[in-house]
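The sequence and the structure are shown first, and the description follows.

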Amino acid sequence: MPIDLYRIDDRLIHGQVIVGWGQPMDLGFIVLVDDEVAGSEWERELYRMGVPPEMALFFTSVDEAVARLGEWRADPRHGMLLTGDVETMRRLTERAPAIREVNVGGIHHRPGRTERLRYVFLSPEEEQALKAMEARGVTVTVRDVPSARALRLGELSGAAKTA
Amino acid sequence: MSDPRGPATAPGGGGGPKAIVLAHGTVAEALVAAVDLITGRGDRFSPLSNQNLGAAEIDALLRERVDALGARVIFTDLPAGSCNFAACRLLKDTPGLMVVTGVNLPALLQFATRDTGSDADAVAAAVERGGSALRLLTGRPSAH
């Protein structure tokens, strides 16, 4: 199986990812694309310590993720690619056209962001970046857990209507 | 009106919080309320929730509570959860801090009711009690 889910989640690896999605997906590996985590041995060990031992973790930069995406997509296990912010996913999708669908799983409150859903707060720049992904043909859906209905950007509260 | 992320102290009969319980949703408050109901010692714990918070906010909230209480023990629910990762981040620069994950009611009851020994002893006893409390119980096999 290729990577089943490309997810933006500012909690990175956490309960929803490992249990909520991981159990029904039979998740075998996670690719965590985050420069800060990739550059910190402490953070890498922290996540390794927390996840089930049978689940593989790859910590990468955007550059490495672009270079190795084909390898992960050919992996027989079910996989998930995670970024902690919209900007990282935007950079990734621009350079990796094989990514056709992105899941917004959790972007929480921060100054400058507006609440769109209980678990999604977006700045104008982040909303613009998500729309730009859609304009390039990437399907962007918003869903925290698999049992929830996948929403499109235009269905979010306060979303600007596009012509 | 109570803080939805959890009060700094829980109800109880005195002694003050010795540990923080950080968990998903309302789990921490419910566990601490149950400890109080059973032992009257809910005030040994300070419950916190990660609800609707990003990773950086959970980190900040927990650090603030640890500093405010001088707590040296944190119980979390899921090993791979954001609560546990936040607690483990504090291990890096908080000497003496202990994090226990996979918390359950028997573990908290054990910790709350141990009045002698060090925090480390109380934590070890809680881990033992909480771990051994998880058992499979089945009915007596039918005769046919």
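In chain B, helix H2 (residues 55-69) and helix H3 (residues 82-91) pack at an angle of about 55 degrees, and their axes are 9 Å apart. Because angles under 35 degrees count as roughly parallel, over 145 as roughly antiparallel, 65 to 115 as roughly perpendicular and the rest as oblique, H2(B) is oblique to H3(B). Axes here are lines fitted to C-alpha atoms, for helices over the stretch in contact, and angles run from 0 to 180 degrees between N-to-C directions. The crossing of H2(B) and H3(B) is right-handed; a crossing is so named if the near helix is turned clockwise from the far one by less than a right angle, and left-handed if anticlockwise.

H2(B) contributes B:Ala55, B:Ile58, B:Asp59, B:Leu62, B:Arg63 and B:Val66 to this contact, while H3(B) contributes B:Ser82, B:Cys83, B:Ala86, B:Ala87, B:Arg89 and B:Leu90. Two residues are in contact if their C-beta atoms, placed from the backbone, lie within 7 Å. By class, the residues of the contact of H2(B) with H3(B) are eight nonpolar, one polar and three charged. Ala, Val, Leu, Ile, Met, Phe, Trp, Tyr, Cys and Pro count as nonpolar, Asp, Glu, Lys and Arg as charged, and the others, Gly among them, as polar.

The model is predicted: local features need pLDDT of at least 70, side-chain atom pairs count only at pLDDT 80 or more, and totals for chains, interfaces and linings use all residues. Residues are numbered from 1 along each chain as its sequence is written, and chains are lettered from A and ligands numbered from 1 in the order in which they are written.

Chain B as a whole has five helices and four strands, in the sequence pattern β-α-β-α-β-α-β-α-α. Helices (H or I, at least four residues) and strands (E, at least two) are DSSP runs, numbered from the N terminus. Of the 144 residues in chain B, 42% are buried. Among contacts in chain B between residues at least 6 apart in sequence, 69% join residues at least 24 apart.

Chain A holds an open sheet of seven strands in the order E3-E2-E4-E1-E5-E8-E9, with mixed pairing. Its edge strands, E3 (56-60) and E9 (151-152), each pair on one side only. Two strands pair if DSSP finds at least two bridges between them. Strand E5 (residues 101-106) and strand E8 (residues 139-142) of chain A pair in the parallel sense over four bridges, and A:Val102 stands opposite A:Val140 in E8(A).

The contact between the chains takes 14 residues from chain A and 16 residues from chain B. On the side of chain A, helix H1 (15-25) and helix H3 (41-50) are the elements that give two or more residues, and H3(A) gives the most, with three residues.

Notes. Buried ≥ 20, exposed ≤ 12 C-beta atoms within 10 Å, placed from the backbone.
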